[in-house]
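Let's take a walk through this protein chain together. Have the sequence and the structure open side by side as you read.

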Amino acid sequence: MDFSSLQIRKRINDKAPMWTILQTNNTTGWLRNPTAAEIRAMTYEAIGHGSEGFTYFVYQTEVDWVGIVDENYNHTEDYGTVQTLFNEIETLKPTIKKMKRIAAAATTAGGGNFAYPSADITTHEDIETGDKYLVIVNHDSIQPANVTITIDRAKLGMDITSITNMLDNANVTFTANSTSYIISNLNMAPGDGKVLKLTKSAAQTKYIGQDKAFHVNNGAVSNVTDISASDMKTAMHKITGSRTWNIQWFWDKTQLIPGETYDLYAVVKIKYAKDTYIDSSGAEHPFQPSGTAFSFGVYDLIAEKAVAAESMEDMFWHTVKIGSFVPSQTGDQVVYIMPWDNPGNVLEIYVDQFYFVKH
Ligand SMILES: [Ca+2]
């Protein structure tokens, strides 16, 4: 199950869907045939990591691969496993087709194995409604697990009213505190995966500032085509050896109710300086950036805070909470993103939008 370390990077103007070909065979003397639970885990990890097409290698036994049907089209043990998974994918298909993977907003405890400390979890946004999804996979393909999921409300960027299992439409119970939503002890069969919908509160009012309304300075540009952005456009800055307040939004005070408290968020992604690096023995590894990616703040209210490059996933949109405050009705406040002078680690920074949510 090395799938969970795979990094998928989309070019900003290319929406080619990802398909996966998953192993359902043994190769004599080399590969063991995965168990039904392992095939299940691989399939749900593929969903979690953005796959929209699923096929299994190999359909019919040939050469030295044992297929899901043999030379005479008799079903082998994997046939029923794949058939069940295809039935589940059929149910989940409308959801999978409108899920866009974004940076992780949740963590897990439980459901690990020898290679991973806990269950796999990925976060997705509904491109039609703005609701969000979690895909959770029990890495333990031998034992069932009780998985506890902690959703970071600052990274989620919205209040939710319910959590639904998209396979059977069952309601999933959760608790809330000021910083997290928590699903406790979600029981998962060996290798099982779940797609959970986080339904945003309809009562929540939002005021959005798209990138075309930003002030961009010192080499930053806005209105750049990006099919993954909320309005298909984004502000962008190529990192250089100097830093200034390149990306700013002077919001319209009349859009905000006087005296009310608002949460302010930015939607940001970064592109790492490199995809991979080669170690001293010649092996290739995913590049891990260091240093600062950018800072943010609100002049003259919220002090500047730095964001570490290592805390940002490569080329996935992150919701970054700027702060919670009562906006001024008189002063000229401005929210800013300051790209850092760290070109050895970060190549580009993108800001799709800022938005206010009323408390
Ligand atoms: Ca935008």
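In which sense do S3 and strand S5 pair, and over how many bridges? The two strands run antiparallel to each other, and 4 bridges join S3 to S5 (residues 120–126). Please keep in mind that this is a predicted model.

## The sheet

S3 and S5 belong to an open sheet of 5 strands, arranged in the order S3-S5-S6-S11-S8 with antiparallel pairing. At the edges sit S3 and S8, each of which pairs on one side only. From one strand to the next, the twist averages 30°.

Strand S8 (residues 160–165) contains serine 162. This serine 162 is partly exposed, because 14 other C-beta atoms lie within 10 Å. Beyond its neighbours within four places in sequence, serine 162 has contacts with Asn171 and Thr199.

## Domains and their contact

The domain assignment divides the protein chain into domain 1 (2–97), domain 2 (99–200) and domain 3 (206–358). Between the centres of domain 2 and domain 3, taken over C-alpha atoms, there are 26 Å. Their contact draws 10 residues from domain 2 and 9 residues from domain 3.

On the domain 2 side, strand S3 (99–102) and helix H3 (153–156) each contribute at least two residues. That side comprises 6 nonpolar, 1 polar and 3 charged residues.

Key. Residues are numbered from 1 along each chain as its sequence is written. This is a predicted model: local features need pLDDT of at least 70, side-chain atom pairs count only at pLDDT 80 or more; totals for chains, interfaces and linings use all residues. A residue is buried if 20 or more other C-beta atoms lie within 10 Å of its own, exposed if 12 or fewer, and partly exposed in between; C-beta atoms are placed from the backbone. Two residues are in contact if their C-beta atoms, placed from the backbone, lie within 7 Å. Domain bounds come from an automatic or database domain assignment. Ala, Val, Leu, Ile, Met, Phe, Trp, Tyr, Cys and Pro count as nonpolar, Asp, Glu, Lys and Arg as charged, and the others, Gly among them, as polar. Two strands pair if DSSP finds at least two bridges between them. Axes are lines fitted to C-alpha atoms, for helices over the stretch in contact, and angles run from 0 to 180 degrees between N-to-C directions.
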